Amino acid sequence: KRFGGLTALDGVSVKIRPGEIWGLIGPNGAGKSTLLNVIAGVFRPEAGSVHFKGQRISGLKPEQICRRGLARTFQICRPFPRMTALENVLVAATFGTRADGQSPQSRAEAMLDLVGFALPVHTPADSLTAAQLRRLDLARALASRPQLVLLDEAAAGLTPGELADLQQLILKIRNQGVTFLIVEHLMRLIMQLCDQIVVLHYGRKIAEGTPLEIQGSPEVASAYLGE
Ligand code: ADP
Ligand code: MG
């Protein structure tokens with residue numbers, strides 16, 4: 001993926017199997033959000049392709065990709081500000097697939113409950129704090145019944161207690177068969193949660209492996225230390 005003269009992603013290749021939790025790490029500007037946006041169909045890459053469940057999805061629109069079972073959260077949450085928390089999640093619940101006959105209303109309520117959204121569900125989105133917005137964004141992503149969820153810094157601004165909740169929640173949802181690709185700065189969360197980690201640096205993949213392998217990688221250490 002290029003932005004003018006800048007190659008934001010350069011020959012990055014990753015293969016994620018169903019049910020795995022993957023971490024995507026790298027210094028600021030490494031291309032992490034860009035990779036999520038390429039996968040989710042927000043950016044169209046100049047070369048290369050994205051395949052999901054055996055089918056090529058690059059070139060499809062974000063809403064078409066979402067319908068196929070791929071949901072994401074945003075580094076900067078952008079809810080519909082004038083709508084309530086419940087209405088925001090209801091949009092996604094109505095939009096997603098509905099194989100199991102659950103009504104969008106009960107799906108939306110269940111997702112807010114699942115993420116521990118502690119406020120009245122009729123609270124307007126524009127009066128939520130950053131931490132509450134993160135939960136709303138996650139509930140919205142899950143409401144569309146995804147098989148793959150992309151999280152972009154979902155832990156930013158959370159307290160230690162909220163972090164532990166998020167970690168348990170991701171594991172619980174993974175145990176229902178959902179796959180995750182998680183961009184995160186908090187190394188402890190990444191190291192505890194992920195089966196595999198991929199490391200980007202200036203748009204290139206510099207390492208891939210288990211948390212243990214990544215922790216021992218000299219390339220990763222020097223990318224983070226700026227050598
Ligand atoms: P990360 O999420 O790893 O911090 P990004 O994927 O946001 O990094 O950005 C990777 C590089 O691409 C950065 O140099 C950034 O400035 C650039 N970039 C990202 N989005 C755009 C855009 N929409 N237009 C131009 N440049 C962009
Ligand atoms: Mg980013």
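**The metal site in its setting**

A: Take contacts in the protein between residues at least 6 apart in sequence: 66% of them join residues at least 24 apart. A contact here means heavy atoms within 4.5 Å. The model is predicted: local features need pLDDT of at least 70, side-chain atom pairs count only at pLDDT 80 or more, and totals for chains, interfaces and linings use all residues. Residues are numbered from 1 along each chain as its sequence is written, chains are lettered from A and ligands numbered from 1 in the order in which they are written, and side-chain values use heavy atoms, leaving out hydrogens and water.

Now the site. Ser-33 (OG) and Gln-75 (OE1) coordinate the magnesium ion (ligand 2), at 2.1 to 2.3 Å. Ser-33 sits in helix 1 (residues 32-39), while Gln-75 sits in the loop between strand 6 (70-72) and helix 3 (85-95), so the pair ties together parts that are 42 residues apart in sequence. Helices (H or I, at least four residues) and strands (E, at least two) are DSSP runs, numbered from the N terminus. Donors are N, O and S atoms within 2.8 Å of the metal (3.2 Å for Na, K and Ca); water is not among the atoms, so sites may look incomplete.

How open are the two residues? Ser-33 has 22% relative accessibility and therefore counts as partly exposed. Gln-75, at 36%, also counts as partly exposed. The scale runs from buried (under 20% relative accessible area) through partly exposed to exposed (over 50%), with a 1.4 Å probe and protein chains only.

The protein holds 9 helices and 10 strands. Buried residues are 48% of its 227 residues. Its radius of gyration is 17 Å, which agrees with the value near 17 Å for a compact globule of 227 residues. That radius is taken over C-alpha atoms, and the globule rule is 2.2 Å times the number of residues to the power 0.38. The C-alpha trace spans about 50 × 40 × 35 Å along its principal axes.

Two backbone points lie in other loops. Most residues other than glycine have a negative phi. Lys-53 has a positive phi of about 50°. Its loop runs between strand 4 (51-52) and strand 5 (55-56). Arg-145 has a phi near 60°, also positive. The Arg-145 loop joins helix 5 (130-143) and strand 7 (148-152). Arg-145 is buried, at 14% relative accessible area.
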